Amino acid sequence: MKKKSIFIIDDDRDILEALDIYFHEVGFTVFSSEDGDRVMNETKKIKPDVILLDLLLSGNDGADITKELKSDKETKNVPIVIISAHPNAKQRAKACGADDFLAKPFDLDELLKKVEGCIKDTPAKEELGLLS
Amino acid sequence: MKHAGRSFNKQEDENRLLASIIESSDIIMYSLDKKGSIQTWNFAAEQLLGFTKSDIIGSNIKKLLRSEEKEDIAKSLKKVFQGEVVRSIEAVHYTKDKKMIPMGLKISPIRVSEGSIIGASITARDLRREINFREKEQFLLKVSQSLNSSLDYNHTLTSLAKLLVPRFADWCAIHTIQPETNTIQLALTYGGGSKDIWIHKWEEHQIKKAKYVEIGADMLIKSKRSFMYSPLPGYSKNAHFQEQRYNKLTKKLGITSVIVVPLLSRGTIIGTITLVSKYKKKQFEKEDFELAEEIGRRAGPALDNATLFENAQKEIQERKRIANELQKSRNQLRIILENISDGITVQDENGKSIFVNDAIAKTSGYTSSKDMIENPKDWELRFTLYDEQGNVLTREDIPTARVRNGERFAQRNVRYVDKKTGESYWSHIKAQGVYEDSGKLQYIVTVVHDVTEMQEQEARKDEFISMASHELKTPLTSLVVYLHLLKLKIKDSENNELLSKIERQTDKLNKLVTELLDISKIQSGRLDYTMEQFELNEVVRDVTQVVQGITSKHKIVVSGDRDLHVYGDKNRINQVLTNLLINAIKYSPEGGSISVDTKKKGTFAQVKVTDHGIGISIKDQQKIFEKLYQAGNPREKTFPGLGIGLYIASNIVKSHGGTIEVKSQKGKGATFIFTVPLRKHV
């Protein structure tokens with residue numbers, strides 16, 4: 001079975017590093033970025049199975065990035081899980097079209113469940129799309 | 001000669017006959033020669049004027065006349081001697097004792113058979129009665145005129161008194177009857193001059209002794225008959241006591257005669273006139289009595305009218321005064337209401353504004369309060385209204401409308417957002433009904449207090465707490481994540497034990513930060529719920545399992561109804577139960593059993609958490625659901641925690657439409673009971 005790839009964007013370097021380690025450990029190919037500037041291009045290049053995105057990136061807004069990705073046909077099927085410590089993040093994540101949300105601080109096992117859940121859902125969606 | 005003699009005799013007879021007719025006539029007749037010398041004088045003339053024939057025959061008519069009338073008569077005689085008849089000329093004739101009697105004269109020429117005029121015959125009527133009558137008529141006319149010339153009561157009274165005194169009487173008193181109390185009241189005494197000692201005496205007596213002027217009036221009112229004492233009667237055993245006293249007193253004051261007549265109006269006695277004469281010469285006569293009665297009849301309506309008019313005036317004045325007072329206090333109120341910084345509106349039961357002050361007009365975007373009353377819908381178009389949770393409010397959600405729809409009092413915070421500019425402000429709106437005695441809504445008074453600054457402060461505080469929480473949670477995230485990674489790497493049990501301790505403390509820290517954030521969310525009304533239908537016992541199982549995992553001293557026992565499907569936020573209900581169980585553990589340090597019981601109760605599911613710990617005092621029970629309240633004295637050995645768990649739990653339950661309560665006795669444990677709706681509340 002092909003290794004799943006995850007693209008993690010978070011401006012907190014420590015968290016980014018920990019997530020990098022963890023997803024490596026659980027068998028993912030990990031791509032990571034500290035800023036949101038080139039997310040669109042990177043995503044097109046990497047074609048990750050899932051994106052883990054912090055909502056409040058310094059400079060860039062995770063919600064805007066999500067909207068952008070979701071409106072481009074090349075990237076719109078890549079599931080996005082938003083992570084954030086902001087009080088209103090849940091609503092904002094919903095509003096911008098993210099596939100799932102998890103509040104910081106989170107339990108890594110729970111995060112893994114969400115990420116895997118998103119990946120599992122996506123091919124099914126694609127199949128449905130092909131069938132119809 | 002015989003013939004002549006006979007004819008002379010015949011003439012003589014005729015003359016004698018004529019003379020005897022003239023002599024026996026009641027009409028005064030006398031004749032003059034051309035020089036004005038009196039030739040004949042009849043018996044009636046002798047009787048009236050006192051001059052005998054021998055006294056007067058041969059005297060000139062001038063002897064009878066007043067000097068001012070002598071010329072008039074001379075002129076008339078001149079005409080008569082030329083052949084005219086002068087009818088109805090008035091002239092006073094002196095009597096022998098120098099009294100003057102007004103006379104009406106008719107003067108005719110006396111002709112001899114060939115036609116030449118040799119003298120004048122005069123017939124005279126005594127005019128006294130006629131003049132008296134005429135004068136009386138004129139007097140009465142004057143009475144009527146002057147009394148009716150004014151509607152001023154006092155003026156009318158004074159006019160009446162002045163007509164009566166001194167012309168008719170020396171002194172008069174007027175009494176009126178007060179219709180409300182049916183008592184007699186002295187309205188006026190008048191003696192023509194203020195320095196009349198006699199009046200003084202009268203009034204003195206009236207005050208000091210028997211009010212005998214009133215006695216006279218009272219006597220009349222009781223008998224309903226006018227009376228006259230002229231002269232005053234002497235002592236009589238038969239007289240009524242009151243009457244006796246009256247006469248005694250009047251005599252003592254030197255009064256010679258009294259008349260008391262009623263003032264009549266519309267058939268009833270409205271008062272009396274007392275007329276007094278104090279000189280023997282001027283004792284009242286029958287004619288005076290009749291005249292007095294007539295005056296009473298005429299003056300009555302005038303006084304009555306004046307009274308009615310005065311009463312009407314008084315009433316009008318009083319009404320004006322009251323209206324003024326009202327207006328004054330209304331003005332004062334208006335000034336206060338208009339200048340108060342709070343917005344105020346008063347609406348009628350249909351929602352029509354009948355008063356708005358400047359403050360509300362300005363904040364509602366009107367140029368003036370008048371503008372607002374005239375265009376009541378404008379502000380609704382201008383603003384969008386939100387509640388504290390950010391929900392759009394309709395017109396019917398505003399307290400004013402709620403009172404109109406039946407609530408007696410309603411209040412809420414409302415955020416106004418200007419649709420054009422996006423500017424916003426917060427108002428605390430309080431509406432109160434004003435009701436008629438029947439309970440029907442009459443007015444709705446709305447007071448709008450600007451709470452923008454307060455709300456903004458709250459918002460800033462919330463913002464601060466949110467940001468603080470966020471800043472705390474970010475490093476916490478790293479901590480949790482690295483701890484997790486470390487646990488994956490470290491396999492030996494000793495180190496794992498140490499790691500678990502770090503993990504527990506990290507969880508605690510995380511929980512505190514989360515609660516802090518929840519509080520700020522609750523306060524700003526932004527605690528979000530994901531509502532769904534779920535099975536309550538599943539949550540109970542999950543929570544008890546987790547909480548049981550952190551204690552070995554306590555035994556959590558679950559019982560209750562199965563298949564309790566409720567409507568709510570699963571995670572939040574989880575949070576409520578978790579908080580209650582952690583509380584139960586915390587406050588039963590000796591350990592023991594903690595029971596969780598669930599059951600259906602009406603349209604709600606009820607969850608009961610019972611511990612056997614230290615309990616909560618009655619005083620504390622009322623406050624434990626308040627924010628940051630922790631039972632017990634801070635100096636006592638208490639248990640750590642911010643005391644916000646119950647506050648959050650209570651808010652979550654209330655947001656679901658449920659209730660939360662505590663039953664406890666100090667030292668005997670506590671039972672917390674909360675309810676969750678079974679179905680979505682419609």
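What share of the 682 residues of chain B counts as buried? I began with this point and found 42%, taking buried as under 20% relative accessible area, exposed as over 50% and partly exposed as in between, with a 1.4 Å probe and protein chains only.

**Basis.** I am working with a predicted model, in which local features need pLDDT of at least 70, side-chain atom pairs count only at pLDDT 80 or more, and totals for chains, interfaces and linings use all residues. Residues are numbered from 1 along each chain as its sequence is written, chains are lettered from A and ligands numbered from 1 in the order in which they are written, and side-chain values use heavy atoms, with hydrogens and water left out.

**Chain B overall.** I counted 20 helices and 24 strands in chain B; these are DSSP runs numbered from the N terminus, helices being H or I of at least four residues and strands E of at least two. I then looked up contacts (heavy atoms within 4.5 Å). Of those in chain B between residues at least 6 apart in sequence, 57% join residues at least 24 apart.

**Nonpolar cores.** I searched for sets of buried Ala, Val, Leu, Ile, Met, Phe, Trp, Tyr and Cys residues joined through side-chain atoms within 4.5 Å. The largest has 41 residues, and those with the most contacts inside it include L577(B), V609(B) and F674(B). Among the elements that each supply at least two residues are α17 (536–548), α18 (570–586) and β22 (604–611) of chain B. The most comes from α18(B), with 7 residues. I listed the contacts of L577(B), leaving aside neighbours within four places in sequence: V540(B), V543(B), V596(B), V607(B), V609(B) and F674(B). A second, separate core of 32 residues includes V143(B), L163(B), L263(B) and F284(B).

**Helix α2 of chain A.** I found V39(A), M40(A), E42(A), T43(A) and I46(A) to be the buried residues of α2 (residues 39–46). They lie on the same side of α2(A), because they cover an arc of only 165 degrees around the axis, taken from the directions from the helix axis to the C-beta atoms. Their cover includes β1 (5–9), β2 (29–33), β3 (50–54) and α3 (62–71) of chain A. Just after α2(A), I noted a positive phi of about 55 degrees at K47(A).

**Residue I22(B).** I located I22(B) in helix α1 (residues 2–24) of chain B. I22(B) counts as partly exposed because its relative accessibility is 34%.
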